[in-house]
Amino acid sequence: MQKEYRTKSQNKFVKFRKIVLISTIALVFPICLGIYTLLGGRAYALMSMLFVILAILPFLMIYEMKKPQAREWIPLAVMAALAAVGRVAFAPVPFFKPTSAIIIITASVFGPEAGFLTGTMAALASNLFFGQGPWTPWQMFSFGIIGFIAGILFKKGKLQKRKISLCIYGGLSTFFIYGFLLDTATWLIFPYSNMTLEGIIPIYLSGIPFNIVHAIATVFFLAVISKPMIEKLDRIKEKYGLIEP
């Protein structure tokens, strides 16, 4: 009886956690970005810290039914660090970065919450090198949403841990999601952009070459590193009973 009660309680909490997660990603973050944009991109440091807190909260809810251990945070911290360092290491090659690939790999193993958190932290940490600015919250959300959607698709069985599947998603998501969001941010927060529908078209067109390079880089790195990294992360996850997606 007690076991049945716990199962029902856990099921209710899982449903509640899903509602909180989807609401946070689909509603709270866009609303915050909207307010941030209306403020002209000011207070980006404060908004970045708020984004970190919002990204952590749904992730922490994974541990509601158990006591978290330090070892469960280590793989995620390592992946976020790799994503950030990878972006910095390839700084001489504009837009050709392994960051999105690492975020997608993380999401495929540890789930949407981990994917989103890794994306937000990677953007914030790497911008300590590239420079913080009005673009930082947009980059945090853009990298995070790529990981979040990847985690959801893996969880639903719509995306497999195979190179071809990963590469297709990686290329499309970086071009159409990350590229679209960052081009939109350019239109919204920078004063030199023409705040009309006619003004946004040149911005989108000028962003196409950079988005193509980013998409090609993501496909390349997924093709090269996804299989060995996913195999190692899966073994670590199984061996130590880490985060369940």
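Modeller: The model is a predicted one. On its surface, Lys 15, Lys 18, Lys 155, Lys 156 and Lys 158 form a positive patch. The elements that contribute two or more residues to this patch are α1 (2-38) and α6.

Biologist: What makes the patch of Lys 15, Lys 18, Lys 155, Lys 156 and Lys 158 positive?

Modeller: Lys and Arg count as positive, and each residue named for the patch is a Lys. Like charges are joined into a patch within 9 Å.

Biologist: Why is Lys 15 called exposed?

Modeller: Lys 15, which lies in helix α1, has 59% relative accessibility. The cut-off for exposed is over 50%, therefore Lys 15 counts as exposed.

Biologist: What makes the contact between Asp 234 and Lys 161 a salt bridge?

Modeller: The N to O distance between their side chains is 3.2 Å.

Biologist: Which parts of the chain does the pair link?

Modeller: Asp 234 belongs to helix α8 (residues 197-240), while Lys 161 sits in the loop between α6 (136-156) and α7 (163-189). The two residues are 73 residues apart, and the pair links distant parts of the chain.

Biologist: How do you know whether Ser 108 is buried or exposed?

Modeller: Ser 108, in helix α4 (residues 99-110), has a relative accessible area of 5%. Buried means under 20%, so Ser 108 is buried. Leaving aside neighbours within four places in sequence, Ser 108 is in contact with Phe 154, Lys 161 and Ile 230.

Biologist: How much of the chain is buried, and how many helices and strands are there?

Modeller: Of the 245 residues in the chain, 47% are buried. The chain has 8 helices and 0 strands.

Biologist: What share of the contacts with a separation of 6 or more comes from residues 24 or more positions apart?

Modeller: Such residues account for 75% of those contacts.

Technical notes: Residues are numbered from 1 along each chain as its sequence is written. This is a predicted model: local features need pLDDT of at least 70, side-chain atom pairs count only at pLDDT 80 or more; totals for chains, interfaces and linings use all residues. Side-chain values use heavy atoms; hydrogens and water are left out. A salt bridge is a side-chain nitrogen of Lys or Arg within 4 Å of a carboxyl oxygen of Asp or Glu. Helices (H or I, at least four residues) and strands (E, at least two) are DSSP runs, numbered from the N terminus. Buried means under 20% relative accessible area, exposed over 50%, partly exposed in between (1.4 Å probe, protein chains only). Contact means heavy atoms within 4.5 Å. Patches are made of residues with over 30% relative accessible area and no salt bridge: like charges are joined within 9 Å, nonpolar side chains (Val, Leu, Ile, Met, Phe, Trp, Tyr) within 5 Å. Accessible areas come from the Shrake-Rupley method with a 1.4 Å probe; for residues, only the protein chains shown count as cover. The place of a charge is taken as NZ of Lys, CZ of Arg, CG of Asp or CD of Glu.
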